[in-house]
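Subject: Structure for your review

Dear colleague,

Please find the structure below, together with its sequence. I would be grateful if you would read the notes that follow with the model open.

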Amino acid sequence: MADLLVVGSVALDSVTTPFGSVKEALGGSATFFSYAASFFTTVRVVATVGDDFPPEHLTLLRDRGVDTSGLQPARGRTFRWVGEYGYDLNEARTLDTQLNVFADFKPVLPPALAGAPFLFLANIDPVLQLDVLRQMARPRLVALDTMNFWIQGKRDDLQRVLAEVDVLVINDAEARQLAKEPNLVRAARAIVGFGPKTVVVKRGEYGVVMAADGQFFFAPAYPLDSVFDPTGAGDTFAGGFMGHIAAQGTVEPATIRRAIVYGSVMASFTVEDFSLNRLTRLAPAEIETRYAAFRELVRIDG
Ligand code: AMP
């Protein structure tokens, strides 16, 4: 088992879906990621929160063994995201993004964190992603996620950090937007040209496709009969994906494929309720049961 470090947002999310809404619930890319990854390995978070951040949210992460020593408290308001989904739950509409304490955040990595062999640069300002990457000793695998907000607003900075990562985890609309290419196969190929050798494209209810070395791997999404709130599905996917890789300590192609399925398993739980609610009720045995169900989904006899 090897250490996994994540830099990303810790947020208060206000979300409306066709099935209900929550105000200022615990969210953020690093939050979903670290909570999901904690089922697999030791995970450490680098982020910032304001002085209005409810202490019970920190307790939730610490109770799962998440190392929050890299969480820098700052004066001011915590990052806030307001979003909504229509009946097509595959696409979030961002209504408001308030960077607040992230606007002046300067991540400082203590040596214990800088030595982590596995790094996930979760969705956050690409300038901060690069800043963290520069402070790392010698990570064995670096993966990155991003979103339309940064592709539009900070494309040059994003290209700079992309040139130095191994894996890009991104949703399909954003892959097309980043590559300026509507065809997903060509978009993935173009992105490989930006730096990451492996591109993992999240396609919501249609599952995940990975492109690497001219080869493709597909995983379905779990057929759930009630999807409540897709917020955090992508980060939870990444937490299961990187968590499994760090737990195995290898980046063999077979490990990466299994990691994609573990990521899909974890995401399938997150979408069953708002915020981290379903994950907080998750028993480790449920992960293996659903992993077995995924194997069955794609089993072909003969
Ligand atoms: P996803 O896993 O893709 O559904 O990501 C959802 C999470 O991303 C939410 O909990 C938000 O707090 C967070 N988020 C939304 N916009 C941003 C942003 N611009 N930078 C960092 N995190 C964000």
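This is a predicted model: local features need pLDDT of at least 70, side-chain atom pairs count only at pLDDT 80 or more; totals for chains, interfaces and linings use all residues.

Residues are numbered from 1 along each chain as its sequence is written, and side-chain values use heavy atoms, with hydrogens and water left out.

The sheet

An open sheet is formed by 9 strands in the order 5-4-1-8-9-10-11-12-13, with mixed pairing. Helices (H or I, at least four residues) and strands (E, at least two) are DSSP runs numbered from the N terminus, and two strands pair if DSSP finds at least two bridges between them. Strand 5 (67–73) and strand 13 (215–219) each have a single partner strand, so one side of each is left without a neighbour in the sheet. From one strand to the next, the twist averages 15°; axes are lines fitted to C-alpha atoms, for helices over the stretch in contact, and angles run from 0 to 180 degrees between N-to-C directions.

At the edge formed by strand 5, strand 4 (residues 43–49) runs parallel to strand 5 and is joined to it by 5 bridges. Within this pairing, T48 stands opposite Q72.

In strand 12 (residues 208–212), 5 of 5 residues are buried (under 20% relative accessible area; exposed is over 50% and partly exposed in between, with a 1.4 Å probe and protein chains only). In a regular strand the side chains alternate between the two faces of the sheet. In strand 12, V208, M210 and A212 are buried on one side, and V209 and A211 on the other.

Helix 7 (residues 172–179) lies across strand 10 (167–171) and strand 11 (198–202), at about 115° to strand 10; contact here means heavy atoms within 4.5 Å.

Aromatic residues

The whole structure holds 12 aromatic pairs. Rings of Phe, Tyr and Trp (its six-membered ring) pair if their centres lie within 6.5 Å; planes under 30 degrees apart count as stacked, over 60 as edge-to-face and the rest as tilted. The ring centres of F33 and F120 are 4.5 Å apart and their planes are at 0°, so this pair is stacked. F33 belongs to helix 1 (residues 29–37) and F120 to strand 8 (residues 118–121), 87 residues apart, and both are buried.

Y262 and Y291 are also stacked, at 4.2 Å centre to centre with 15° between the planes. Y262 is in helix 10 (residues 253–270) and Y291 in helix 12 (residues 284–297), so the pair ties together parts 29 residues apart in sequence. Both tyrosines are buried. Ring pairs also link F19, Y87, F228 and F274 into a cluster.

Finally, R64 lies over the face of F39, at 3.8 Å from the ring centre, and over that of Y35, at 6.0 Å. A charge sits over a ring if NZ of Lys or CZ of Arg is within 6 Å of the ring centre and within 35 degrees of the ring normal.

Yours sincerely
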